[in-house]
Amino acid sequence: MARFQAIFWLLLQTVVAIQLDVDDPASLKSAASTAAKKLLSYYVGDQPGNEVGILPLPYYWWEGGAMWMTLLDYWKITGDDTYNARVKAAMLYQASPTKDFLPQEYRGQLGNDDQAFWAMAAMNAVEYNLPDSTEPKDPSWLALVQAVFNEQVARWDSTKCGGGLFWQIYSGNKGALLKNTISTGCFFHIAARLARYSGDQLYENWANTAWDWMKAVDLIDNNWSVYDSVDSTQNCSTPAKVQWTYNAGTLMAGAATMYNLTGQEKWKNRTQGLVDTTIFAFFPNGIMKDVCEQNKVCNNDQLSFKAYLSAWMARTALLAPFTYSQIIPVLKTSAVAAAKQCSGGTDGTTCGIEWFMNSTYDGTNGPGQQMSAMEVFLSASILNNTTSDSSFIPLTNQTGGTSKNDPTAGDIGTGSQVPIIAPATTKDRIGAAILTAFFCTMDGNTGPLIKEKRMSAFVLPLHGKTSQKGNMKEKETEVLDLRHSGPGLRSSKTGSQMPEKPDGIQSNPLPIYRGGTMQT
């Protein structure tokens with residue numbers, strides 16, 4: 001009897017799986033609609049007693065922002081605005097009272113990458129012309145992106161390894177001494193998109209600086225492989241050589257944006273190199289596959305990574321059309337495989353993540369799986385249209401973008417200071433070694449699985465006064481103003497820009513203020 005039931009269930013899955021004609025944009029959009037509906041079934045933030053804008057536990061705060069980012073892609077590509085009201089409510093609620101996507105109740109899990117994902121969602125709203133809120137108290141979409149950019153400029157750290165962003169915003173969080181690609185890479189990506197949208201040279205300068213630093217510490221190697229992170233306690237000398245889809249996608253789309261803006265040969269070459277290596281590394285047999293899938297060790301974060309690579313490869317093909325002929329075939333074959341994998345659940349269309357298994361459902365489900373499938377359907381839909389169709393090209397302020405500009409948004413003073421980072425102890429180093437000791441293998445590539453989010457962590461207490469907020473204790477902390485050494489920073493009061501060094505990198509850091517004593 002059990003055998004009969006298993007066979008029946010397999011046959012049911014085969015029949016009910018998302019049906020897809022990859023050469024028909026309407027079919028692809030229909031598939032995306034099915035995936036989007038299931039994606040929203042995991043969101044309970046608009047139900048009584050739940051927080052607006054975020055996914056429920058065990059999902060981290062950042063993935064809510066990623067979800068809204070993908071649903072803005074859904075709206076732009078399909079024209080279906082069903083979810084727009086929820087997108088707007090969620091993003092404005094999570095912008096936090098400081099209007100910079102920095103809610104203090106989540107400080108124990110806030111990395112620069114987490115803040116950046118919400119900013120990239122807002123950047124989608126800017127480039128797709130989602131109307132700004134009409135409420136005077138609400139920030140514009142563009143102002144939210146600019147706030148995050150300005151605050152991350154203020155966190156740019158030249159005291160260790162000559163630059164880059166630490167993974168974590170708060171020094172007590174796990175992984176605080178790492179400088180990783182997704183944090184500096186998202187900063188690069190945001191700077192590139194702001195530069196293209198606004199034409200402001202400051203953003204372009206910072207995009208160049210961020211890229212140059214990642215290249216200098218070999219997070220991008222000479223073969224265009226993109227690695228995960230470097231350890232600041234080891235002078236950033238040896239990258240952790242695990243490769244993730246979303247790291248590659250973040251840099252690829254940023255490079256394509258810079259090419260679209262400047263037309264420079266160097267950005268064309270960088271874009272082309274990233275496309276070549278990304279397809280080689282992540283598309284065995286033409287089907288997108290992340291490093292954690294082979295041994296079934298993807299965590300909830302990693303299950304969503306393919307969504308971002310799909311979206312950013314489509315963006316690359318639109319902004320750098322010389323890549324179109326390479327990108328379209330692998331997104332189409334991946335979309336076909338993803339549709340076959342969307343054969344689980346009681347509805348028969350719930351998506352798994354192991355697309356390489358085709359119609360053999362992998363038994364998993366969740367928002368990451370749904371986002372990934374939805375985005376590959378959407379991306380293949382764009383690329384089945386002519387590349388000359390300007391309706392899919394992201395807007396700029398010269399081509400119809402209307403979000404209100406606020407180049408001095410954000411708090412570059414005390415609000416963006418980073419608590420003191422204590423020197424690593426022997427215990428810390430042992431813990432770090434354990435974190436990086438776990439390896440997985442895919443097609444001969446090995447590397448540590450570092451991308452596990454922070455469960456709970458605290459900034460260093462220096463005073464005894466303690467308050468309780470939610471499930472996290474917050475203590476007063478001494479803070480260290482890690483002023484950047486880079487292309488420039490606008491004053492939030494005057495709107496002026498700090499002078500730029502000719503080479504884009506200052507040889508000496510600006511004064512650091514600690515506990516009322518100025519240090520140089």
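Predicted model: local features only at pLDDT ≥ 70, side-chain atom pairs only at ≥ 80, totals over all residues.

Student: Why is Thr209 called buried?

Tutor: Buried means under 20% relative accessible area, exposed over 50%, and partly exposed in between (1.4 Å probe, protein chains only). Thr209 has 5% relative accessibility, so it counts as buried. Across the protein chain, 57% of the 520 residues get that label.

Student: Where does Thr209 sit?

Tutor: Thr209 belongs to helix α8 (residues 201-216); helices here are DSSP runs of H or I with at least four residues, strands are E runs with at least two, and both are numbered from the N terminus. The chain has 14 helices and 10 strands by that count.

Student: What makes the crossing of α3 and α4 left-handed?

Tutor: The label is used if the near helix is turned anticlockwise from the far one by less than a right angle, and right-handed is used if clockwise. α3 passes α4 in the left-handed sense. Their axes come within 10 Å and cross at roughly 145°; axes are lines fitted to C-alpha atoms, for helices over the stretch in contact, and angles run from 0 to 180 degrees between N-to-C directions.

Student: Which residues make that contact?

Tutor: With contact meaning heavy atoms within 4.5 Å, α3 brings Trp61, Trp68, Leu71, Leu72 and Trp75, and α4 brings Asn84, Arg86, Val87, Ala90, Met91 and Gln94.

Student: How many cavities of 30 Å³ or more are there?

Tutor: Six. A cavity is a set of points, on a 1 Å grid over the protein atoms alone, where a 1.4 Å probe fits but cannot get out; lining residues have an atom within 4 Å of a point. Grid points are joined across faces, edges and corners, and a volume is the space filled by probe spheres set on the points. The largest cavity holds about 170 Å³. Of its 17 lining residues, Asp73, Tyr128, Ala311, Arg315 and Ile382 are the closest to its centre.

Student: Which element gives the largest share of that lining?

Tutor: α11, with five residues.

Terms used:
Residues numbered from 1 in each chain as written. Heavy atoms only, no water. 1 Å grid on protein atoms, 1.4 Å probe; cavity = no way out; pocket = protein on both sides within 12 Å on 5 of 7 lines; lining within 4 Å.
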